[in-house]
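Keep the sequence and the structure in view while reading.

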Amino acid sequence: LALRPNSATIQNDLGYVLAADRRYTEARGMFERAVALDPSVTAARDNLARLYYDTGEFVAAIREYHALADRYAELRARRKGEGVVEGFATELSSAYR
């Protein structure tokens, strides 16, 4: 984190570790920062939505799940015309950057 403080992927990964350790407040901060740094990192938004749900913040969870649905719709629209394998690879690389 010290070497790449503006990496959404690193913020997300750290949030995941913190959430697994039940350090939800810290995890939430990491996931929120990851989403703010790069809203296209769907793994971070998914983790944030799950954390909101698990901590009873249902309205916030729904908001994030709607944003995820919008992102996947955007990815599907963008890959229209690509082959199945190419489209799947594009979506995967976007989700876990």
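## Two sides of a helix

Which exposed residues does the face of helix 2 turned away from its buried side carry? They are Thr25 and Ala36. The model is predicted, and helix 2 has the highest mean pLDDT among the elements of the protein chain, at 97.

Helix 2 runs over residues 24-37, which makes 14 residues. From first C-alpha to last it reaches 20 Å, close to the 20 Å expected at 1.5 Å a residue. Its buried residues are Ala27, Met30, Phe31, Ala34 and Val35. These lie on the same side of helix 2, because they cover an arc of only 130° around the axis. In general, an α-helix has 3.6 residues a turn, so residues three or four places apart point the same way. The cover over the buried residues of helix 2 includes helix 1 (8-20) and helix 3 (42-54).

## The nonpolar core

The largest nonpolar core has 14 residues. Those that touch the most other members are Ala27, Phe31, Ala44, Leu48 and Tyr52. Helix 1, helix 2, helix 3 and helix 4 each give two or more residues to this core, and helix 2 gives the most, with five. Nonpolar side chains tend to be buried together in soluble globular proteins.

Leaving aside residues up to four places away in sequence, Ala27 touches Gly15, Leu18, Ala19 and Leu51.

## A buried arginine

Is Arg71 buried or exposed? Arg71 sits in helix 4, which spans residues 58-78. Its relative accessibility is 12%, so Arg71 counts as buried, the cut-off being under 20%. Arg71 and Ser40 are 31 residues apart in sequence, yet their C-alpha atoms are 7.3 Å apart in space.

## The whole chain

The protein chain has five helices and zero strands, giving the pattern α-α-α-α-α along the sequence. Of its 97 residues, 34% are buried. Among contacts with a separation of 6 or more, 37% join residues 24 or more positions apart. The accessible surface comes to about 6300 Å², and carbon and sulfur atoms account for 57% of that surface.

## Confidence

The average pLDDT of the protein chain is 85, and 80% of the residues score at least 70. Helix 5 (residues 84-95) has the lowest mean among the elements, 51. Where pLDDT is low, the predicted coordinates should not be read in detail.

Conventions: Residues are numbered from 1 along each chain as its sequence is written. Side-chain values use heavy atoms; hydrogens and water are left out. Helices (H or I, at least four residues) and strands (E, at least two) are DSSP runs, numbered from the N terminus. The expected span of a helix is 1.5 Å times one less than its number of residues. Buried means under 20% relative accessible area, exposed over 50%, partly exposed in between (1.4 Å probe, protein chains only). The arc is that of the directions from the helix axis to the C-beta atoms. Contact means heavy atoms within 4.5 Å. pLDDT is the predictor's confidence in each residue, from 0 to 100. Accessible areas come from the Shrake-Rupley method with a 1.4 Å probe; for residues, only the protein chains shown count as cover. A nonpolar core is a set of buried Ala, Val, Leu, Ile, Met, Phe, Trp, Tyr and Cys residues joined through side-chain atoms within 4.5 Å.
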